[in-house]
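Please read it with the sequence and the structure in view.

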Amino acid sequence: MNTNVDLHGADGVAESVEGRILTKRNAEQPLDVPNPESGTQGGGLDRVRNAAQQDKEKQFTALLHHVTPELLLESFYELNPKAAVGVDDETWQEYQKDAENRTRELHARVHQGTYRAQPSKRIYLPKPDGRQRPIGIACLEDKIVQAATAKVMGAIYEEDFLGFSYGFRPGRKQHDALDALYVALMQRKVNWVLDADIRGFFDAIDHTWMLQFIQHRIADKRVQRLIQKWLTAGISEDGEWSSTTVGTPQGAVISPLLANVFLHYVLDLWIDHWRRHHAKGDVVVVRYADDFVIGFQYREDAERCLQALRARMTQFGLELHPDKTRLIEFGRFAATNRQARGQGKPETFNFLGFTHICGRRRTGSFVIKRRSIAKRMRAKLQEVKQKLRKKINASIAEQGAWLRAVVQGWYNYHAVPGNRRALDEFRTQVSRMWRKLLQRRSHKARTKWSWTRMNRHIRRWLPSVRILHPHPDARWAVTHSR
């Protein structure tokens, strides 16, 4: 393997045009932990963070001592108590009974080098398109050590990651990425959109490149060995162990951070350099984990970038999905230009659960319309239908309370401005499912459950349709007040 490849693709670590969201050190997911050396809460990691911010080329030779017994215990309590168990079959509740002593013993093994990573248990979750998504469930102690190590590493990489990177980062949720994309499409000169998909990204991460990228910042051999242990621990499926020479298990606590590090060097730094030094017009980027969208002012830039991006991905063992990667005409002039050429409406693209559409306001001005992806909504409704059938003998109150949580959960994510029609459709379909289920209880119930009676229960239990999210422009203005 050629180790002389330009990993950054840039003269230095340049911040993105979109900039960073200034947060109060991401208070909802604190990185600070007790540090015996400083005598203050989080003093050690604060120093790491400050050093990473001040020197973008600095290599950290001593990091593992920040993985303290206190941090391991804190990481344990931050895990989901209801999460699936790994190959050790140990539950969160069992571990909790002696968590303080066990995390101290775990700490000793980590620092003495006797800690051994166990293989991830392979399970499969259904995808909206009917396929199965492989998920790796780590053992409980592996989750604890990974979570603690990710906090320490995060103190460094949160100072390195660029502003258009949103996936699995503290203080940067999916709607932040959606807001950034909306504002970019509305305010910048975007006429072409590259909707990109990396084929099987998590399963294709090259271990050699991954470790080489880590070494740019982390020179602590003990931390490097921990990461290598997790990457090569293997997979256990139906009791059969298999080795892993590429990829990082989806579901592992450390995987999102490793994925962001990998794409930081392979994609983020490269595309930021490309748009600054090779593009003739505006180029905007929004990435959430391995899902990203690039907007271009000129088609020539878009085509050259796509060609270079394919080569870049191949260089690091990745591949753009040939069927899911599309370059489309999109933006405020797309409809007019296509009409002049005798073509149909502008194509749409999907990003983070929403179909993005070129639309017009009542005044005739251009606007980006966002609708819940129809295929995903159908898949969600089918899932609700199957689970509701299992509650056929439950009381109306129990069914209603469960359906209220389902509908409210859907609204919490999808209730964005302009998406009211999809919200109403979701609630209507859930209501019909519920009525049909109640009618199935007995033949006599078919005449009993008229819509007049049913609507009383619907109004009582199901949340009414309302928009919960502010307009992207408004939220963006607040988070980027500077």
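Two strands are taken to pair if DSSP finds at least two bridges between them. In this predicted model, strand β3 (residues 192-197) and strand β8 are joined by four bridges and run antiparallel. The points below cover the sheet that holds these strands, the helices that lie on the sheet, and a contact between two helices.

**The sheet**
- The sheet is open and has four strands in the order β6-β7-β3-β8, with antiparallel pairing.
- Its edge strands, each of which pairs on one side only, are β6 (283-288) and β8 (326-329).
- On average, and with direction ignored, neighbouring strands of this sheet are turned by 15° against each other.

- Helix α6 lies across β3, β6 and β7 (291-296), and runs at about 165° to β6.
- Helix α11 (residues 299-315) also packs on the sheet, where it touches β3, β7 and β8, and its direction makes about 150° with that of β7.

**The contact of α6 with α18**
- The axes of α6 (residues 174-187) and α18 (residues 472-479) come within 9 Å and cross at roughly 105°; because angles of 65 to 115 degrees count as roughly perpendicular, α6 is roughly perpendicular to α18.
- From α6, the residues His-175, Asp-179, Ala-180, Tyr-182, Val-183 and Gln-187 meet Pro-472, Asp-473, Arg-475 and Trp-476 of α18.
- Sorted by class, this contact of α6 with α18 comprises five nonpolar, two polar and three charged residues.

Technical notes:
Residues are numbered from 1 along each chain as its sequence is written. This is a predicted model: local features need pLDDT of at least 70, side-chain atom pairs count only at pLDDT 80 or more; totals for chains, interfaces and linings use all residues. Side-chain values use heavy atoms; hydrogens and water are left out. Axes are lines fitted to C-alpha atoms, for helices over the stretch in contact, and angles run from 0 to 180 degrees between N-to-C directions. Angles under 35 degrees count as roughly parallel, over 145 as roughly antiparallel, 65 to 115 as roughly perpendicular and the rest as oblique. Contact means heavy atoms within 4.5 Å. Ala, Val, Leu, Ile, Met, Phe, Trp, Tyr, Cys and Pro count as nonpolar, Asp, Glu, Lys and Arg as charged, and the others, Gly among them, as polar.
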